[in-house]
Amino acid sequence: MKVGVDLGERRYDVVIEAGARRRLKTLIEAHAPGAKSVALVTSASLAAQPWFDLDSGLDQFVALVPEGESAKTVGALGELVETLAAARLSRDDVVVGVGGGAVTDLAGFAAASYLRGVGLINVPTTLVGQVDAAIGGKTGVNLAAGKNLLGAFYQPLGVLCDAEVLATLSDRERRSGLGEVAKCWLLEGRRAEDLATVALESLIAVSVELKARLVAGDEREGGARALLNYGHTLAHAMEKVALARDPDELRHGEAVAVGLAFAARLARDLARVGDEVVDEHDAVLDALGLARRLSDSYDIDELIEAMRHDKKARHDLRFVLAGPGGFSLVGDVDETVVRTALARFKGGQ
Ligand SMILES: NC(=O)c1ccc[n+]([C@@H]2O[C@H](COP(=O)([O-])OP(=O)(O)OC[C@H]3O[C@@H](n4cnc5c(N)ncnc54)[C@H](O)[C@@H]3O)[C@@H](O)[C@H]2O)c1
């Protein structure tokens, strides 16, 4: 199936189907008819996967970038754009990001800035990439001061979400993606009971449709797009605390799952929703096999401090919360309420 991201002249499709990567050639013919050369940006471990058989039908070369998050550095960006320049990639040519969110964020920013912008196509190979990172135009790299601090909004010409490439994904990376899927499922008001019969491709489609709709209405995150941060206030704080202990301790989606369970409890404590909403959140997370307890290792003071300094906060405590009229971004949440809710949540309630 195809989901359109409706951004006027920059409208593009996200194709979700087994074998979607084989559409690369036709996608380039349709959207970059002047292209003669194609840079496939990926990491060495991904280039060695059995599914790495991309064929653009043009002169193509592989530009290797570091593995995982280490691709998202200014140094890796510099090397990548030098490689594109050395290969004489021109304005009409195309960069294809083939990888998880780390690779597509880097490839996207390189495409946005090299020659002030060349064509970009994303072939996301993680679940996080397929439901989130490769769609919506946020590209960039990390700085020493923090994640994603250098970047640009730059939309691709198309996105190819191929379920076949997910076959080689580790369980942990799959779970991380399911955290974002759970977020979308809950934001869409879908029920836990329907998860029993749904195929992975449909789960991806529900998530992509939501993101496409929110991005089309709010490309630069002034309003509705912020709802995609559901569960992320606590998740980002947990990631910050966990990262300082061990970079491998926590995957983003694992943190989002806990953040979603907490957001439902906080909404209940603020009398915005009843117990049934908390129960439904728990049921969705359980059905997707996601852990939703806040481990004892997190210190509440540290989490509150991190939440206040989140990039998206304004020194207040702000959460996307369920409410009688649906989900909304709520700022200035009373610290005492958050503290009490966190203490009870940590205690397993
Ligand atoms: N731009 C956005 O809107 C957006 C949204 C969400 C996340 N992100 C970014 O995405 C990054 C996280 O992305 P991620 O979770 O995809 O992680 P990742 O890109 O770091 O990939 C995780 C690991 O999976 C491996 N991998 C990728 N595809 C595989 C496959 N098919 N088979 C086997 N192994 C595979 C990678 O090599 C890597 O080791 C973060 O940097 C985050 O900031 C961006």
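# Pockets, strands and helices

Reader: What is the volume of the second largest pocket?

Author: This is a predicted model: local features need pLDDT of at least 70, side-chain atom pairs count only at pLDDT 80 or more, and totals for chains, interfaces and linings use all residues. Residues are numbered from 1 along each chain as its sequence is written, and side-chain values use heavy atoms, leaving out hydrogens and water. A pocket is an open set of points on a 1 Å grid over the protein atoms alone, with protein on both sides within 12 Å along at least five of seven lines. Points are joined across faces, edges and corners, and a volume is the space filled by probe spheres set on them; for the second largest pocket that gives about 250 Å³.

Reader: Which helix gives the largest share of its lining?

Author: Lining residues have an atom within 4 Å of a point. There are 14 of them here, and the closest to the centre are E221, N229, K312, R318 and L329. The lining divides into 4 nonpolar, 4 polar and 6 charged residues (Ala, Val, Leu, Ile, Met, Phe, Trp, Tyr, Cys and Pro are nonpolar, Asp, Glu, Lys and Arg charged, the others, Gly among them, polar). The largest share, 3 residues, belongs to a helix at residues 232-245 (helices are DSSP runs of H or I, at least four residues; strands are runs of E, at least two; both are numbered from the N terminus), and that helix is α8.

Reader: Which strand does β7 pair with?

Author: Two strands pair if DSSP finds at least two bridges between them. β7 has 5 bridges to its antiparallel partner, and a hairpin of 2 residues makes the link.

Reader: Which are the edge strands of the open sheet?

Author: Follow the order β1-β2-β9-β6-β5-β3-β4, where 7 strands make up a sheet with mixed pairing. At one end, β1 runs antiparallel to β2 (12-16) through 4 bridges, and V5 stands opposite Y12. An edge strand pairs on one side only, and here that goes for β1 (2-5) and β4 (59-65).

Reader: At what angle do α6 and α10 pack?

Author: In this pair, A182, W185 and L186 of α6 meet E280, H281, V284 and L285 of α10 (contact means heavy atoms within 4.5 Å). By class that makes 5 nonpolar, 1 polar and 1 charged residues. Axes are lines fitted to C-alpha atoms, for helices over the stretch in contact, and angles run from 0 to 180 degrees between N-to-C directions. The axes of α6 and α10 (275-287) are 10 Å apart, and the angle is about 140°.

Reader: And at roughly what angle do the axes of α6 and α9 cross?

Author: α6 (171-187) and α9 (252-269) have axes that come within 7 Å. Residues of α6 in this contact include R172, E180 and L186, while H252, E254 and L260 are among those from α9. The contact has 4 nonpolar, 4 polar and 5 charged residues. The axes cross at roughly 35°.

Terms used. 1 Å grid on protein atoms, 1.4 Å probe; cavity = no way out; pocket = protein on both sides within 12 Å on 5 of 7 lines; lining within 4 Å.
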